[in-house]
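I am opening a notebook on a structure that is new to me.

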Amino acid sequence: MDPEFLDWALADFSGYVAADELYDGPFCILSAVDNRRYTRLLYDVLDHDPTHDDIRAFLGRLKTALVARGLTLCGVTTDGSALYPAPLREVFGKVRHQICQFHVIKDIVQAVVGAVASARKGLAAMQPKLPKGRPSTLAAKAAARTKKRLAAQGAALFTHRYLFVQRHLHTTERKTLWRVSRGLPQLHALRAVMDQVYALFDRRCRPQTALAKLAKLRCRLRRFRPLGEILKKLFSPTLEKALTFLDDKLLPATSNAVERGNRRYRKMQKSVYRVRTQAQIRARLALDMWREAHAEGRQQTLASLHRARAG
């Protein structure tokens with residue numbers, strides 16, 4: 001990495017870094033980004049899946065760059081990958097390690113939406129089979145009404161499935177949720193659990209309060225085994241690390257900074273699809289970082305040209 005670029009990137013270092021890996025065919029791109037200034041600091045392109053040794057070497061480069069400039073790392077945010085905890089402890093000691101809140105909630109949301117889909121399939125299986133033709137007997141008419149009601153409820157569950165995972169619900173939305181899940185108490189319980197999950201990540205809480213809430217929620221899920229089977233992610237031993245940000249007001253709860261760079265890379269690859277060798281990917285990332293470093297000067301030059309033309 002060019003020392004001049006590192007001098008620029010670390011000139012206003014916030015102390016917080018987001019790290020992530022991005023897979024592109026046989027290659028893996030490791031990135032470290034300032035998690036408050038959204039500036040890419042380091043990258044590496046591997047021709048294999050990363051190992052603890054690769055992560056340890058990558059973090060060692062970051063530590064060398066910081067120590068050389070007298071800077072201190074206050075916190076690191078990553079996804080829930082098992083690649084980072086051990087190398088982070090070895091390289092940076094007891095630095096705060098935050099698991100991205102978005103990734104944790106995403107897994108829980110997927111589990112809840114899957115449970116709603118299973119409930120819809122259960123309603124479809126409960127629909128009585130009717131003979132061909134119009135129902136003529138009282139029993140056939142009752143079965144037709146039951147089938148129509150169950151089909152309508154299944155369609156309503158599909159249409160309003162987002163209400164089971166939406167963070168905040170208005171009064172009208174809660175009434176709609178109650179109507180579409182009538183007769184399905186397990187779905188009411190899932191919505192209540194989602195409210196408790198969102199309450200865990202409230203910045204107004206202290207870590208001790210959030211951990212007490214988590215322990216209470218886990219106890220409730222152990223008593224209701226069907227819910228516990230659906231929400232296994234809440235028993236993950238790394239979930240506590242997703243609450244680390246509650247103890248540091250400056251520590252970002254998500255790794256959006258590095259994810260933004262990954263999305264920019266994906267967009268770039270769509271327009272230049274043939275950039276698929278290790279050397280080309282390195283060159284593309286270096287060019288992207290060079291453009292970012294010179295963005296301010298480029299904007300000033302363009303503004304001067306516009307003023308000159310206007311004059």
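**Rings.** I looked for a charge over a ring (NZ of Lys or CZ of Arg within 6 Å of the ring centre and within 35 degrees of the ring normal). I found Arg161 over the face of Phe158, at 4.1 Å from the ring centre.

I note the ground rules here: this is a predicted model, where local features need pLDDT of at least 70, side-chain atom pairs count only at pLDDT 80 or more, and totals for chains, interfaces and linings use all residues. Residues are numbered from 1 along each chain as its sequence is written, and side-chain values use heavy atoms, with hydrogens and water left out.

Next I looked up aromatic pairs (rings of Phe, Tyr and Trp, its six-membered ring, with centres within 6.5 Å; planes under 30 degrees apart are stacked, over 60 edge-to-face, the rest tilted). The structure holds 1 such pair. Phe5 and Trp8 form it, and it is tilted, with 5.6 Å from centre to centre and 45° between the planes. Why are Phe5 and Trp8 separated by about one helical turn? They are 3 residues apart in helix α1 (residues 3–9). For elements I use DSSP runs, numbered from the N terminus: helices are H or I with at least four residues, strands are E with at least two.

I checked burial too (buried is under 20% relative accessible area, exposed over 50%, partly exposed in between, with a 1.4 Å probe and protein chains only). Phe5 has 10% relative accessibility, so it counts as buried. Trp8 has 31%, so it counts as partly exposed.

**Cores.** I then searched for nonpolar cores (buried Ala, Val, Leu, Ile, Met, Phe, Trp, Tyr and Cys residues joined through side-chain atoms within 4.5 Å). The largest has 44 residues, and Leu187, Val193, Phe201, Leu231 and Leu234 have the most contacts inside it. Two or more residues each come from α4 (101–126), α5 (138–159), α6 (171–180), α7 (185–200) and α8 (207–223). The largest share, 9 residues, is from α4.

I followed Leu231 (contact means heavy atoms within 4.5 Å). Beyond its neighbours within four places in sequence, Leu231 touches Ile108, Ala111, Val112, Leu190, Val193 and Leu221. A second, separate core has 37 residues, including Val17, Tyr43, Leu62 and Leu73.

**The sheet.** In what order do the strands of the open sheet come? The 5 strands run β3-β2-β1-β4-β5, with mixed pairing. Strands pair here if DSSP finds at least two bridges between them. β3 (40–46) and β5 (96–99) each have a single partner strand, so one side of each is left without a neighbour in the sheet. The twist averages 20° from one strand to the next. Helix α2 (residues 52–68) packs on the sheet and touches β1, β2 and β3. Its direction makes about 150° with that of β3 (axes are lines fitted to C-alpha atoms, for helices over the stretch in contact; angles run from 0 to 180 degrees between N-to-C directions).

**Strand β2.** I counted bridges on both sides. β1 (residues 16–24) and β2 (residues 27–34) run antiparallel, joined by 8 bridges. Val17 has Asp34 as its bridge partner in β2, and Tyr23 stands opposite Cys28.

Is β2 mostly covered or uncovered? It is mostly covered, with 8 of its 8 residues buried. Phe27, Ile29, Ser31 and Val33 point one way, while Cys28, Leu30, Ala32 and Asp34 point the other.
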